[in-house]
Every structure is written in C-alpha cells, then in structure tokens.
Amino acid sequence: MNTDVLPDRATAPAPISGARRPAAPGLRGLLWLTLRQNRAVLWTLAALLVVVAADLVWIHVVIRHTVGVLKRTGCYEPETWSDARCWTLLSPINRPNFWFVSVLQPAVTAVPLLIGVFIGAPLLAQEYERGTIRLIRAQSVSPVRWLAARLAVPGLAVLVFSGTVASLMTWVWWTDVVHGQGAFDPPFQFFTYPALGLAPVAWSLFALALGVLVGRLVRRTLPAMFLTGALVAAMHGIIRWGRPYFRPVVDEVTALPDRATGLGAAQPPNAWLIDRGAVLADGSRVSSDTCLFSDRCDNATAAWLRYHPVDHLVPIQLVEAGILLALTAVILVVVFRRIRT
Amino acid sequence: MDDPTTMTPALEAVGLGRRYRGGWALRGCDFTVPTGRICGVVGPNGAGKSTLLALAARQLTPTEGELRVFGEAAGSPGQRARVAYVAQDKPLYPGLTVTETLRMGRELNPGWDQEAAQRVVDQGELRPKARIGSLSGGQRTRVSLALALGKVPDLLLLDEPMADLDPLARHQLMGTLMSAAAERGTTIVVSSHILPELDGVIDHVLLVQRGGIRLAGDLDEVLDGHRLLTGPAEDAELPADLVVERRVGGRQATALVRTAEPLEGRWEPDGRWESERPSLEELLLGYLRAPADPRPGTTPADDHHTDHEAAA
C-alpha cells in the first residue's frame with residue numbers, strides 16, 4: 001500500500017459498501033460535497049443570524065427597561081408626555097423603535113429577494129456555467145440524488161435562518177412594538193407585514209426555489225441573478241395586489257362623524273383599511289376619493305368602511321404562505337424533471 | 001474481468017445520430033468497440049468526436065438510433081459506476097483543493113481507488129492544498145485524469161485528454177493509462193487530433209469525418225487493408241474506386257489504396273511502383289485529406305460545442 005494513503009481513508013469505504021448496495025454511495029458522500037460547496041453560504045447565514053438576534057435582544061431589553069421606568073414614574077400614559085420630565089424618560093425608547101421599524105423590518109423584507117439572488121440563482125447556473133454538472137454526471141451517484149442533496153443543504157439553512165429571524169421579529173413586534181409606546185407599526189404596513197409571522201419563511205423558500213429554476217433555465221450566473229431579483233420583486237407586487245382578497249373584508253356602515261373632520265369614520269386599531277366612503281341619501285355608495293373633489297357627499301347619510309381587522313393577519317398569512325409553498329413545490333418538480341434528462 | 005463483459009462489446013452504435021440546434025453533429029453511425037481495446041477516435045476538428053464521446057458518457061441522449069454501452073441502451077446506476085469520462089474542457093470545482101477534489105471522487109464513487117488517483121496527482125508534483133482554480137490547464141488535466149482513474153472504470157472515455165500537457169507529462173500519463181488498461185482490462189476510448197499521441201498506443205480506430213464514421217475496426221486489420229503506393233507520376237492509372245487519396249509531387253505520385261478486396265486481376269502494381277504498408281499517420285492523413293462524400297443532412301458541427309447538456 002502506498003504510504004501516502006491514510007489507512008483509515010483507504011479502508012473506510014469497505015464496511016459501507018458491505019452494508020449497502022455497492023452501486024449506491026451513501027448520502028454521507030453527497031452530504032460532504034454539498035456542505036463543502038455551501039460552506040461560505042452557511043457561515044454567512046450563521047453570522048447574519050447572530051447579528052440580527054443580538055440586535056433584536058438589544059431592542060427588547062432597552063424597550064422593556066424604558067417601559068419599566070415609565071411605569072414606575074407614572075409616565076406610561078401618552079397624556080403625561082407633555083410633561084418635560086416624562087418626555088425625557090420616554091426618549092430612550094426612540095432609538096430601538098427606529099432601529100426596528102426603519103432598519104430591521106426593511107432588511108428582513110429584503111431577505112427573500114437576497115436569498116433568491118445570491119443563493120438560489122447561482123446554485124445551478126454556476127454548475128452549468130462552469131461545466132461541473134458534467135463532472136457530476138460522470139460520477140457514480142445519480143443526478144437526482146445529487147440535486148436532492150444540493151438543494152437540501154441550502155434549503156434547510158434558509159429554513160432555519162428565516163424561521164429564526166421571523167420568530168424573533170414577531171416576538172419583539174408583539175411584545176414591545178405594536179402594544180408598546182412610541183412606535184406606530186400596524187401589521188399590514190408595507191415593511192411590517194413581510195417581516196412578520198410566516199411571511200419571511202414562505203417568501204425565502206419560494207425565492208430560493210425560483211432562483212434555482214431560473215439558474216437551471218438561464219445557465220448563466222449573472223443573468224440568472226438579475227432575472228431572479230426581477231421575478232421575486234414582480235411576484236411581491238402580484239401577491240400584494242391580491243392580498244386583500246385572501247380573506248373576505250369586513251364591510252361596515254357607521255354613523256357619520258362630525259362635519260369638521262369630514263368622512264373620518266375610523267377603522268379599529270391596527271386594521272388594514274381597504275376603502276371607505278359615504279353612503280348617499282339614495283343608498284348608493286361613494287368612495288372617499290370622489291368626495292374630496294365634489295360636493296356629492298354633502299348630503300351623505302352614513303359612512304362605510306371596508307377593512308381587514310388585525311385578527312385577519314394570521315389567516316391572510318396562511319393563505320399567502322400556502323400559495324407560495326405550492327408554487328415552490330411546483331418549481332421543485334420542474335427542476336427535478338429537468339435534471340433527470 | 002468476468003466472462004459476460006468480455007462477450008458484450010464495450011460500445012455498439014446502431015444508426016446513431018445526434019442533432020443540435022444548428023444541425024446534425026453525428027448521423028447514421030454504426031460501429032463496435034470490443035471490450036478491452038484501446039480505441040482512438042480520430043478526425044478533423046468539428047467532425048463529431050466530442051459528441052460521440054459525450055453520447056457514450058450519457059451526457060447527451062441520441063436524437064436517433066442508439067449507443068449501447070456494455071449492452072445497455074440507456075444509462076443505469078450500475079453503468080454510471082463502470083464508465084469514467086473526462087470532458088474536453090476538464091470541468092472541476094475551482095474552489096476545491098486537489099485533496100478535496102479527490103475526496104469528492106471517493107465520496108461519490110463506491111469502487112474508489114485512492115492509491116491510483118493519488119499516484120497520478122503525485123506524479124505531477126501538485127500541492128495537495130492548491131485550489132483547482134489556481135492550477136494550470138495541464139495540472140487540471142492531471143486532476144481530471146486522476147478522478148477518472150480513481151473511479152476504476154471498465155470503460156474510460158477521454159476527450160482530447162493530452163492537448164494541454166507537456167511531452168513528458170503526456171508520456172507519463174499515457175503510460176499510466178496503458179498500465180491501467182493492461183492490469184484491469186479497461187477499455188479506453190480516446191479522441192485526439194494529435195496523431196503521434198496515439199501511434200503505438202491504440203489497437204482499434206474510429207475515423208470520424210463530417211458527422212459520420214468513415215473507418216472503423218481493428219488497427220492491424222485496417223492497416224493491412226491498405227497500401228501506400230509510390231510511383232511515376234505519368235503512370236498513375238489506378239482503379240478509382242479503390243484509391244482513397246492520391247497526390248502528385250513532381251514526377252512522383254503517392255496513392256493510398258484500399259486492398260481489402262484483392263487488387264489482383266483488376267490492377268497489378270508493376271516494378272515501377274513501390275508498395276508498402278502505411279503507418280497510422282499516413283493512413284489517417286490520407287483519409288483526412290481526401291474529400292469525404294458529403295452525407296445528406298449532415299452539417300459539420302463545432303467540435304468544441306459546449307451544449308453538452310441533454311435536451312429535455
């Protein structure tokens with residue numbers, strides 16, 4: 001035996017091939033390769049996860065502390081904030097609130113797009129661009145099993161990453177932001193909704209799969225990255241357009257508010273107002289947009305509102321996640337069919 | 001090697017054809033490569049050599065006909081383990097080191113022979129920790145060949161393997177390949193347009209020209225079936241259907257003729273003609289220089305065609 005060969009390495013495959021069919025190498029082999037290939041991705045995700053988690057814990061601690069101080073000093077209620085002393089005590093809450101609403105939420109909103117562009121699109125595009133797909137096809141392992149391992153490692157990493165980020169974001173939002181003081185952050189807002197609950201997880205998995213498919217079809221890394229980014233953004237637009245219809249809206253007719261404030265009949269707190277307007281004397285409805293530029297609403301008899309109350313958040317997210325995960329499954333079927341040939 | 005494999009030919013093409021978007025790269029190919037042979041696939045650039053090897057490696061699927069590998073018409077898990085393939089562009093993961101690349105070979109191939117692969121790498125004095133991306137073309141070729149040999153295949157398909165190697169490395173690696181073939185009875189199919197590279201090495205030949213097989217068979221039989229005639233230019237009346245190629249230089253005429261059918265009775269070289277057995281190079285150059293009858297529906301495809309992925 002050559003002295004260059006480590007004895008354990010040289011003899012290692014023997015017991016494995018004895019237990020299994022010799023033609024099918026164990027997943028361990030493929031797992032090793034995909035872990036090695038995804039090393040940079042895994043480290044990046046782990047580092048980002050630590051940074052985001054530390055950020056969120058810091059936000060939670062600062063807000064909890066400030067709220068504790070406000071409660072002990074009787075400065076918790078907004079009516080007391082005109083007092084200079086209370087205002088000073090309240091001010092430490094602004095920074096974590098700003099950080100959460102203006103930095104973390106937009107960042108988490110962008111996470112799926114970044115995952116699709118930087119993890120999904122290059123995954124197969126690079127294999128085709130560099131010709132290494134032919135190297136893989138020349139090995140004993142079947143291309144379908146190779147693809148399964150190639151997708152499973154980054155897929156699980158993205159699932160763990162987005163799942164942890166989403167839970168931490170939702171937890172801080174629920175305990176400290178939406179019920180807390182000093183921040184206005186209703187759940188259906190543009191940068192709030194995609195950073196809550198199931199949305200980051202479903203969108204991340206969808207964007208990853210979409211990137212993989214685009215990479216398989218385009219076979220060039222850079223064009224695949226650009227196209228994936230554009231498609232994820234377009235999909236975001238489409239889903240956002242369809243989101244109000246994921247659950248029937250609450251349709252409410254209320255008494256007219258006083259003349260001074262116009263048609264300001266208000267939806268419940270944190271609800272998503274879809275449309276509102278005036279009910280005219282003949283029973284017909286006019287949108288508030290029309291009222292602004294005409295006097296037709298002057299003889300309105302009542303106001304009407306269409307909105308999603310806050311407890312529609314979870315059902316709407318479930319419908320949205322269902323759509324995205326079904327699309328993800330379809331994409332995966334197409335990718336696996338494409339690799340077999 | 002067990003008996004059934006020696007009975008089935010390593011490669012058997014029946015009406016094999018492959019079309020790319022641009023046209024047919026190969027069409028109407030029928031040939032057999034018996035097990036245990038070292039078969040040279042020769043022909044001009046763009047003749048279809050790479051396509052032929054990619055079809056045998058199951059990187060491509062035939063558009064028509066079939067190419068049986070050890071009797072199997074399509075790829076199977078068992079076959080994948082028996083066939084090794086080194087593509088012309090030697091694809092490897094640039095981010096992996098030499099050691100990691102060999103580890104990949106070990107992890108993905110059940111019958112891996114680390115010693116054989118390591119020997120090829122060590123011969124080239126490659127740093128084990130060098131990244132593939134930092135290696136020269138010749139060094140990458142060496143790693144690719146190590147991967148193929150470590151797989152311990154029954155059929156080794158090499159597409160222009162030696163093109164970017166220096167003469168010493170070429171000689172070394174040819175020696176390694178030949179000893180592997182001799183020890184294990186590996187069938188080797190090697191394409192090349194560097195003819196001296198194959199001389200004295202191959203014992204079977206496939207001449208690919210314009211997407212078709214011009215000549216196929218045992219090298220000795222093929223060479224015995226031809227004569228290289230040299231004689232006076234003015235007396236160059238030879239039976240046209242037997243002449244492969246004929247050149248007149250000054251007062252001398254040289255002709256390559258097929259003698260598979262006996263010449264006797266049709267035409268007898270008299271004393272002024274010198275007749276000798278052609279060398280491999282003379283034979284192939286004769287065929288390559290002679291215009292082949294264009295095959296209907298066949299267009300010369302680019303040999304460096306990178307569209308190796310099978311169409312859906």
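Is B:Arg289 buried, partly exposed or exposed, and what is its relative accessibility? B:Arg289 comes out as partly exposed, because its relative accessibility is 43%. Bear in mind throughout that this is a predicted model.

The partner to look for is B:Glu245. B:Glu245 and B:Arg289 form a salt bridge, with 3.1 Å between the closest N and O atoms. One end sits in strand S11 (residues 243-249) of chain B and the other in helix H10 of chain B, so the bridge ties together parts that are 44 residues apart in sequence.

For a local pair, turn to B:Glu107 and B:Arg103. Their closest N and O atoms are 2.9 Å apart, and they form a salt bridge. Both residues belong to helix H4 (residues 98-108) of chain B, and because they are four residues apart there, about one helical turn separates them. B:Glu107 counts as buried, since its relative accessibility is 8%. Over all chains, a search of the whole structure turns up 16 salt bridges.

Step back and take in chain B as a whole. Its secondary structure comes to ten helices and 13 strands. Of its 312 residues, 55% count as buried. Take the contacts in chain B with a sequence separation of 6 or more, and 73% of them are between residues 24 or more positions apart.

Two arginines in chain B deserve a look at their backbone. B:Arg58 has a phi near 65 degrees, which is a positive value in a residue other than glycine. You can pick out B:Arg58 in the loop between helix H2 (49-56) and strand S4 (64-69) of chain B. B:Arg210 also has a positive phi, near 50 degrees, and is likewise not a glycine. This residue is in the loop between strand S8 (204-209) and strand S9 (212-218) of chain B. At 39% relative accessibility, B:Arg210 counts as partly exposed.

Over in chain A, the secondary structure consists of twelve helices and four strands. Of the 341 residues here, 47% count as buried. Among chain A contacts between residues at least 6 apart in sequence, 76% join residues at least 24 apart.

How do two of those helices pack? Two packed helices are described by the angle between their axes and the distance between the axes. For helix H8 (residues 143-177) and helix H9 (residues 199-218) of chain A, the angle is about 155 degrees and the axes are 8 Å apart. That makes H8(A) roughly antiparallel to H9(A), as angles over 145 degrees are put in that class. The crossing of H8(A) and H9(A) is right-handed. On the H8(A) side, the residues that meet H9(A) include A:Leu151, A:Pro154, A:Gly155 and A:Val158; on the H9(A) side, look for A:Pro200, A:Val201 and A:Leu208, among others. By class, the residues of this contact divide into ten nonpolar, four polar and no charged.

Finish at A:Ser287, in strand S3 (residues 285-287) of chain A. A:Ser287 counts as buried because its relative accessibility is 19%, and the cut-off for buried is under 20%. Leaving out residues up to four places away in sequence, A:Ser287 touches A:Asp275, A:Arg276, A:Gly277 and A:Trp304. A:Arg276 is eleven residues from A:Ser287 in sequence, and their C-alpha atoms are 5.8 Å apart in space.

How values were computed: Residues numbered from 1 in each chain as written. Chains lettered and ligands numbered in written order. Predicted model: local features only at pLDDT ≥ 70, side-chain atom pairs only at ≥ 80, totals over all residues. Heavy atoms only, no water. Axes fitted to C-alpha atoms, helices over the stretch in contact; angles between N-to-C directions. Parallel < 35°, antiparallel > 145°, perpendicular 65-115°, else oblique. Left-handed = near helix turned anticlockwise from the far one by under 90°. Contact = heavy atoms within 4.5 Å. Nonpolar A, V, L, I, M, F, W, Y, C, P; charged D, E, K, R; others polar. Salt bridge = Lys/Arg side-chain N within 4 Å of Asp/Glu carboxyl O. Buried < 20%, exposed > 50% of the residue type's maximum accessible area, 1.4 Å probe, protein only.
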